[in-house]
Amino acid sequence: IKWDGMVQTVPAKPRTLRPVFNQPFFFPVRFVNEKKLLDAKNRNVLKEELKSKGLVEIEVWDDDDTSADQMGVTSVDVAFLLDTKTKAVRSLATAGTKQKKNKEEEDEDEEEREARLKKLQGLKKPHEVRIYTADKEELVGVASAGAQKPIIYYEVYFCPDFPEDVRCSQQAQEKSGEWNAKKIEWNR
């Protein structure tokens, strides 16, 4: 996984043709001046800062004893994540895992649940986040010798999420393009 100049990997899964990793990755979002970027009047600067970090790239490799072959690549633009309306509750400590409820949690009402969740801190603290989910997405970039193309499932989200008005809609991207064209014209 690559994003914003950072790379993270997982250990190979030996002797399987259908590996399941269920591996969370944490990439810190680095800004020059976070407080200024999160200020409401600087939302456009924040959007441009996030877009400048590039795509989240996922590479899948087949690692044998004698060779390592790339199975394929996929990527997601952070703009998709910021524009999605799909939300879910996630925490950094439970990323990528299904949490099992104990008997007490199943019997609690909404008010008791809220009180329990407020006590959680740090990595365990749940956040409602916008989430981009790729389900059975085909990996691209490598011709598959078999009949089946390699597929991948993954989720991408910011935890905690950015404010709701931070979006990279097509209209915003077009305005950004207009601005870049004017900047190029000015610098001639």
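Modeller: A residue counts as exposed when its relative accessible area is over 50%, and as buried when that area is under 20%. Keep in mind that this is a predicted model.

Colleague: Thanks! Then why is Lys-136 called exposed?

Modeller: Its relative accessibility is 62%, and the cut-off is over 50%, so Lys-136 counts as exposed. Lys-136 sits in strand E6 and has a positive phi of about 60° although it is not a glycine.

Colleague: And what makes Arg-130 buried?

Modeller: Arg-130 also belongs to a strand, E6. With 1% relative accessibility against a limit of under 20%, Arg-130 is therefore buried.

Colleague: How do you know that Arg-130 has a polar contact with Pro-163?

Modeller: A polar atom of the Arg-130 side chain lies 3.2 Å from the backbone oxygen of Pro-163. The limit is within 3.5 Å, so that pair qualifies. Arg-130 also has its C-alpha 6.8 Å from that of Asp-161, which is 31 residues away along the chain.

Colleague: What makes E5 and E6 paired strands?

Modeller: Pairing needs at least two bridges, and E5 (residues 87–90) has four with E6 (residues 127–138), so they pair, running antiparallel. Arg-90 stands opposite His-127 there.

Colleague: How do you know that E6 pairs with E7?

Modeller: Six bridges link them in the antiparallel sense, and at least two are required, so E6 and E7 (residues 151–157) pair as well. Glu-138 has Ile-151 in E7 as its bridge partner.

Colleague: Which peptide bond is cis?

Modeller: The one joining Cys-159 and Pro-160, with omega about -5°. Pro-160 is in the loop between E7 and helix H6.

Notes:
Residues numbered from 1 in each chain as written. Predicted model: local features only at pLDDT ≥ 70, side-chain atom pairs only at ≥ 80, totals over all residues. Heavy atoms only, no water. Helix = DSSP H or I, 4+ residues; strand = E, 2+ residues; numbered from the N terminus. Buried < 20%, exposed > 50% of the residue type's maximum accessible area, 1.4 Å probe, protein only. Polar contact = N/O pair within 3.5 Å; in protein donor to acceptor, adjacent residues only side chain to side chain.
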